[in-house]
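Visitor: I am new to protein models, and I would like to learn how to read a few features in one of them. Could you take me through it slowly?

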Amino acid sequence: MSLSELAGRRIFVTGSTGFVGTALVERLLRCVPDVELVLLVRDSRRSPAARRVEREVLRNDCFDRLRAELGEDGFARRCKQVSVVSGDVGTDGLGLDPDGRAALKSCDVVIHSAATVAFDSPLDKAVEVNLLGPVRIAELLGELGSRPHLVCVSTCYVAGNRRGSAPEEPVDANPFSAGLDWRAEVSAARRSRSDVDAQSREPERLERFAADARAELGPAGGPILAERTERLRRDWVHDRMVQAGRARAASVGWPDAYAFTKALGEIAVSRTVADLADRGPSLSIVRPSIIESSLAEPRPGWIRGFRMAEPIILSYARGLLREFPGVPEGVIDVIPVDLVVAAIIATAGRQTADNPEPHIVQVATGGVNPLRYQRLVDRVREWFTEHPLYDEHG
């Protein structure tokens, strides 16, 4: 795919403050001529969306290469190709004001990479973001009468706990699919949250939370005890919703709430787009496996955050972990983030035909270039034997 397919286009991007989203914004700005980006970002309690993009995205070291190539003035000019709208994929209508809706309507491509990626997310949160997020985008585009190319970033693990090959086909085309009603799953998750919250407010539990707060804080003042008691109650609700996500996912053949809600999200957005017909977007889905640090771009080894294998590897390097428990011949299906970004851009630039079925692209290594667990362990040991980490005592 030539990058010229996207030259001069307006591209709407969600999830730009995340790992994949940051790399995607950098590559689009660096490689696609005259591209215009519209980034959907939530306001935080301390910073509006535009300020978050400035601090969390454009100042990230991911952009060091582009800044060096263009110089500070050139980089500042390039950043003017980026505009920001405040909104949230977890809110109906994406929380967009009239200007935000107009910005979305003006775009030729929508790339949806926002997600809650924790495997132990509360069930209702994962449903609201991973399942309903892409649906809300498709529905809003239909409401606006806009027909861009919608590219949703999913995961290879929508295949669930299955053996054998997992082809590039819709989730519900799999004969082992549980045939779930995604709307019923949304209702059930919301009802579970309501039920668990009500249970947390029963007098016996409130008394226990208060007692635990007093035992922890001692003779603290009333406001401090009340704040800690409420924190304990919210933590109890969170833990129960995490358990609900694990249990529901396992009961229907997925390893965790993340993969489960991503799979339902694919089904839901595909059916929503099909129902919109000629009033809505065309749809592509990109499914990466486990996304890790970059192979080459913007520089080898770039990563954002403390992710995936890094906590285990660093625990070993610091002497906190003596062994790597696992199956030596097992495959760790990792894919560098820059290859994922390249696949997203190539898919976005693809000329889509009017087709009720989504175009699906999987980005993984296990099928053709598998990384065995034993090889990963051996490489980590070799590296830190030659390059040990030292503590403050040397």
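Predicted model: local features only at pLDDT ≥ 70, side-chain atom pairs only at ≥ 80, totals over all residues.

Visitor: How are two packed helices described?

Guide: Two packed helices are described by the angle between their axes and the distance between the axes. Here, the axes of helix 6, residues 182-200, and helix 8, residues 222-251, come within 9 Å and cross at roughly 145°, and the crossing of helix 6 and helix 8 is right-handed.

Visitor: Which residues make the contact between helix 6 and helix 8?

Guide: On helix 6 they include Glu-185, Ala-189, Arg-193 and Asp-197, while on helix 8 they include Arg-233, Trp-236, Arg-240 and Arg-248. Sorted by class, the residues of this contact are 5 nonpolar, 3 polar and 6 charged.

Visitor: How many aromatic pairs are there in the whole structure?

Guide: A search of the whole structure finds 5 aromatic pairs. One of them joins Phe-19 and Trp-302, whose ring centres are 5.5 Å apart and whose planes stand at 35°, so the pair is tilted. Phe-19 belongs to helix 1, whereas Trp-302 sits in the loop between strand 7 and helix 10, so the pair ties together parts that are 283 residues apart in sequence.

Visitor: How does one find the empty spaces?

Guide: Rolling a probe the size of a water molecule over the atoms shows where empty space is left. In this model the count comes to 2 cavities of 30 Å³ or more, and the largest cavity has a volume of about 90 Å³.

Visitor: Which helix gives the most to the lining of the largest cavity?

Guide: Helix 9 gives the most, with 4 residues, and helix 5 and strand 5 each supply at least two. The lining includes His-112, Cys-152, Lys-262 and Glu-266, and by class it has 6 nonpolar, 4 polar and 2 charged residues. Glu-266 also lines the second largest cavity, together with residues such as Pro-170 and Ile-360, and that cavity has a volume of about 30 Å³.

Visitor: What lines the second largest pocket?

Guide: That pocket, with a volume of about 860 Å³, is lined by 24 residues, of which Glu-292, Ser-293, Val-334, Leu-371 and Leu-376 lie nearest its centre. Helix 12 gives the most to this lining, with 6 residues, and the lining as a whole divides into 15 nonpolar, 5 polar and 4 charged residues.

Technical notes
Residues numbered from 1 in each chain as written. Heavy atoms only, no water. Axes fitted to C-alpha atoms, helices over the stretch in contact; angles between N-to-C directions. Left-handed = near helix turned anticlockwise from the far one by under 90°. Contact = heavy atoms within 4.5 Å. Nonpolar A, V, L, I, M, F, W, Y, C, P; charged D, E, K, R; others polar. 1 Å grid on protein atoms, 1.4 Å probe; cavity = no way out; pocket = protein on both sides within 12 Å on 5 of 7 lines; lining within 4 Å. Points joined across faces, edges and corners; volume = space filled by probe spheres on them. Phe/Tyr/Trp six-rings, centres within 6.5 Å; stacked < 30°, edge-to-face > 60°.
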